[in-house]
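Reader: I'd like to learn how to read the inside of a protein model, both the packed parts and the gaps. Can we go through one together?

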Amino acid sequence: MTLFFYVIIGIITFVAFLHAWAKKEYNVSRTVVINRPKAEVYAFVRQLKKQPLWIPWYLDDPKVVIKFKGEDGKVGATSYWKGRNNIEGIQKIVKIKEGKVLETQLLFIKPYKSLSLLYVAVKEMDSNRTKMVWGVKGVHKFPASVIMLFYGMERALGKHFEAGLYNLKTHLERNKLN
């Protein structure tokens, strides 16, 4: 019985060490150049109602339920979603630097609680080309800090961000915007 307790204490100590050692903060982003004027790109990406047209998680789940509240594209506007695999969350616009930056707070409710900051920044390269950065940053709490040692946010999100930016670029370059 004593050996059992030593093993349990050893496992707890090892996990605590991993948590203490793990990098808690993360910041994952990707960049794309879109052949559209900066004002058009920014006007499009600041609207939560336009996200299902380019964000992969929406496109991959045709049965996702999305509800919007507030004036879209303005601070305080929110979107709520519930998708397959019991994934549920809320996104709220928290900061706007007109024509430059949009920040939204992303709260996952299920399958686990998590809070992060999504950001979009645009920069004019010339009159018809815009550089856009899409990213997320936050802090891992236990046990996610330990799990992400083995999986990593780059691995978890990088390809999705690349796909989303490809979708956005394709959509904006092929379609006339309102």
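Reader: Which residues line the largest cavity?

Author: Keep in mind that this is a predicted model. Lining the largest cavity are Val45, Gln51, Trp54, Ile55, Gln91, Leu102, Glu103, Thr104, Leu118, Tyr119, Val120 and Trp134. Two strands, β5 and β6, each supply at least two residues of that lining.

Reader: How much space lies in the largest cavity, and which classes of residue make up its lining?

Author: You're looking at about 90 Å³. The lining splits into 8 nonpolar, 3 polar and 1 charged residues.

Reader: Now for the packed parts. Which residues have the most contacts inside the largest nonpolar core?

Author: The general idea first: in soluble globular proteins, nonpolar side chains tend to be buried together. Here the largest nonpolar core has 30 residues, and Trp54, Met132, Trp134 and Leu168 have the most contacts inside it. At least two core residues come from each of β1 (25-34), α2 (38-45), β5 (101-110), β6 (114-126), β7 (129-139) and α5 (153-174).

Reader: Which element gives the most to this core?

Author: That's α5, with 6 residues. Also, look back at Trp54 and Trp134: both belong to the core's most-contacted group, and both line the largest cavity.

Notes
Residues are numbered from 1 along each chain as its sequence is written. This is a predicted model: local features need pLDDT of at least 70, side-chain atom pairs count only at pLDDT 80 or more; totals for chains, interfaces and linings use all residues. Side-chain values use heavy atoms; hydrogens and water are left out. A nonpolar core is a set of buried Ala, Val, Leu, Ile, Met, Phe, Trp, Tyr and Cys residues joined through side-chain atoms within 4.5 Å. Buried means under 20% relative accessible area, exposed over 50%, partly exposed in between (1.4 Å probe, protein chains only). Helices (H or I, at least four residues) and strands (E, at least two) are DSSP runs, numbered from the N terminus. On a 1 Å grid over the protein atoms alone, a cavity is a set of points where a 1.4 Å probe fits but cannot get out, and a pocket is an open set with protein on both sides within 12 Å along at least five of seven lines; lining residues have an atom within 4 Å of a point. Grid points are joined across faces, edges and corners, and a volume is the space filled by probe spheres set on the points. Ala, Val, Leu, Ile, Met, Phe, Trp, Tyr, Cys and Pro count as nonpolar, Asp, Glu, Lys and Arg as charged, and the others, Gly among them, as polar.
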